[in-house]
Structure formats: C-alpha cells, structure tokens
Amino acid sequence: HVKLFRRLQAKWQCYDAYARVSMSIGIQQLLQTMTYYVLGCTLIENRTISTAIALVVIYQSAALALCYLDIAGVSKRIIFVVQMVGSLPTVLVLLALAIAEREESGLLQPPVHSVLTPAAFFIEV
C-alpha cells in the first residue's frame, strides 16, 4: 500500500501545489475582506477609532503570519514588504474614515470625499 500511495502521490503533486496556493490566496482575501468589514462596523456604525486600529493591526498581522508560513524560498524581508503594500489600502481607508467630517450626532456626513479613498482603490486593484 505504501508503494502504491507514493506512486499515486507523485502524480498529484502539481494539483496539491495548486490547491495550497489557492487556499493561501483565499485566506488572504478573506482576511482583507474581514478587515474592511471591521472598518465599516467600528468606524461608521460604532465610531470607535481605537478598536478599528487594533483590529486592522490584528487582521493584517495574521495575514503576514500566514504569508510567512505559506511562502518558502523567499526572504522574510520581501514577504514583509509585499504584505505591507497589500495592507496599505486598508490603512488608507482607516485614515479616510477616521478623519472624515461628522455630524454633531457623530454620523458621517453623506458625501465622504477623500483623496485617500481612490488611492486605496487603485492600490487594491
């Protein structure tokens, strides 16, 4: 059984590598999505800037840790730089929402115009 398993496993290595890469990219996108959701909940609905900052740091640190675990053969410095570029859009949205004008009740005024928002969009794409 062991010899048969090893022979069959050799034929499926490319599919296994593809599945691992797909899962890694999927988890990265899930963490990025959760970061944006948290920004909406904490900054728009609850107006708690410190919670938003803490959760963005936590989610982006988790994404960095997963990159360190998933990517082999690349220096840690390059992984860190690439992950920071990937985290930049969420930081820009955090800043845009934190400095946005609010009504007396604390709600955001409807037209939230910021130079940071289009920059975050183009970096994310």
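**Salt bridge, pocket and core of a predicted helical model**

R20 and D16 form a salt bridge in which the closest N and O atoms are 3.0 Å apart. The coordinates are a predicted model, in which local features need pLDDT of at least 70 and side-chain atom pairs count only at pLDDT 80 or more, whereas totals for chains, interfaces and linings use all residues. Residues are numbered from 1 along each chain as its sequence is written, and side-chain values use heavy atoms, with hydrogens and water left out.

A search of the whole structure returns 1 salt bridge, the criterion being a side-chain nitrogen of Lys or Arg within 4 Å of a carboxyl oxygen of Asp or Glu. Side chains of opposite charge can pair when their charged atoms come close. R20 and D16 are 4 residues apart in helix α2 (residues 13–45), so about one helical turn separates them. Helices (H or I, at least four residues) and strands (E, at least two) are DSSP runs, numbered from the N terminus. R20 is exposed at 58% relative accessibility, while D16 is partly exposed at 39%. Here buried means under 20% relative accessible area, exposed over 50%, and partly exposed in between, with a 1.4 Å probe and protein chains only.

The largest pocket holds about 520 Å³ of space. S24, Q28, C67, I71 and Q83 are the closest to its centre among the 23 residues that line this pocket. Grid points are joined across faces, edges and corners, and the volume is the space filled by probe spheres set on the points. At least two lining residues come from each of α2, α3 (49–70), α4 (76–98) and α5 (116–124). The most are given by α2, with 8 residues. By residue class, the lining comprises 13 nonpolar, 7 polar and 3 charged residues. In this division Ala, Val, Leu, Ile, Met, Phe, Trp, Tyr, Cys and Pro count as nonpolar, Asp, Glu, Lys and Arg as charged, and the others, Gly among them, as polar.

The largest nonpolar core consists of 11 residues: L39, L43, A52, V56, L92, V93, L94, L97, A100, L108 and A120. Two or more of the core residues are given by each of α2, α3 and α4, and α4 has the largest share, 4 residues. A nonpolar core is a set of buried Ala, Val, Leu, Ile, Met, Phe, Trp, Tyr and Cys residues joined through side-chain atoms within 4.5 Å.

The disulfide count is 0, where a disulfide is a pair of cysteine sulfur atoms within 2.5 Å. C67 is buried at a relative accessible area of 10%. C41, in helix α2, is also buried, at 17% relative accessibility. The C-alpha atoms of C41 and R102 are separated by 16 Å, at 61 residues apart along the chain. C14 likewise lies in helix α2, but is exposed, with a relative accessible area of 52%. Between the C-alpha atoms of C14 and G40, 26 residues apart along the chain, the separation is 39 Å.

Two further residues were examined. I25 is placed in helix α2 and is exposed at 51% relative accessibility. The C-alpha atoms of I25 and D70 are separated by 9.9 Å, the residues being 45 apart along the chain. R47 is found in the loop between α2 and α3 and has a positive phi of about 55 degrees although it is not a glycine. R47 is partly exposed, at a relative accessible area of 37%.

Note on methods:
On a 1 Å grid over the protein atoms alone, a cavity is a set of points where a 1.4 Å probe fits but cannot get out, and a pocket is an open set with protein on both sides within 12 Å along at least five of seven lines; lining residues have an atom within 4 Å of a point.
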